[in-house]
Amino acid sequence: GRIEAVGWGEGLVATGDAEGRVVVLDTSTWQVLDELTLPHQVESVAVDPHGRWVAAGEEEGGTYIRDLGTKTTRELARTDRRPTAMAASPDGTQLFVHDGSFEARVHALSTGAIEATYTCGSWLTGARWLSPQLIAATGSDGFVLYAKGSSEAQLLSDPEGERYPSYEWLG
């Protein structure tokens, strides 16, 4: 099917398609390591940096975690909106998820609990943890940063590039 989302990890890539299929590939051989099917179209995918799990969000609001060692899948969270952007934390214990609302959340993978909530001024389309304390995202408002300890985003540039970085808020 038509690929809707891609997530990259160390030596792995995961794709999600319009039919709900998630395929995990080894980037050294391009062989399929695992695959699963979600109930609806895949909207976003994230890969654990250590290759232990893959996360995928589907258009009806479900966020799923696939353990690549045991080949088991569980639902991590559910909202009434589709997850449009997600990213795995550097240590692989948390997942940043934006679900098409004006909030993004960080979930603990062990419990699914929400550990942080960030206010978003836009629809996010991509995200990546830059460090354990900093998440970068792109969306309709441009490029934004989220820092632990702050619930507000720092807008670095709008789509026309009219704003400039100010890192003072990082402390």
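**View 1. Residues 163-171 of the predicted model, where pLDDT stays under 50**. In this stretch, for which the model has 17 contacts beyond four places in sequence, pLDDT is the predictor's confidence in each residue, from 0 to 100, and a contact means heavy atoms within 4.5 Å. Where pLDDT is low, the predicted coordinates should not be read in detail. The protein has a mean pLDDT of 86, with 88% of its residues at 70 or more. This is a predicted model, in which local features need pLDDT of at least 70 and side-chain atom pairs count only at pLDDT 80 or more, while totals for chains, interfaces and linings use all residues. Residues are numbered from 1 along each chain as its sequence is written, and side-chain values use heavy atoms, with hydrogens and water left out.

**View 2. Asp 99 in the loop between strand 10 (94-98) and strand 11 (103-108)**. Strands are DSSP runs (E, at least two residues), numbered from the N terminus. Asp 99 counts as buried because its relative accessible area is 4%, where buried means under 20%, exposed over 50% and partly exposed in between (1.4 Å probe, protein chains only). Its side chain makes polar contacts with the side chains of Thr 79 at 3.2 Å and Ser 101 at 2.6 Å; a polar contact is a pair of N or O atoms within 3.5 Å, of which, within protein, one must be able to donate a hydrogen and the other to accept it, and residues adjacent in sequence count only if both atoms are side-chain atoms.

**View 3. Trp 8 in strand 1 (residues 3-9)**. Trp 8 counts as exposed because its relative accessibility is 57%.

Note on methods
Helix = DSSP H or I, 4+ residues; strand = E, 2+ residues; numbered from the N terminus.
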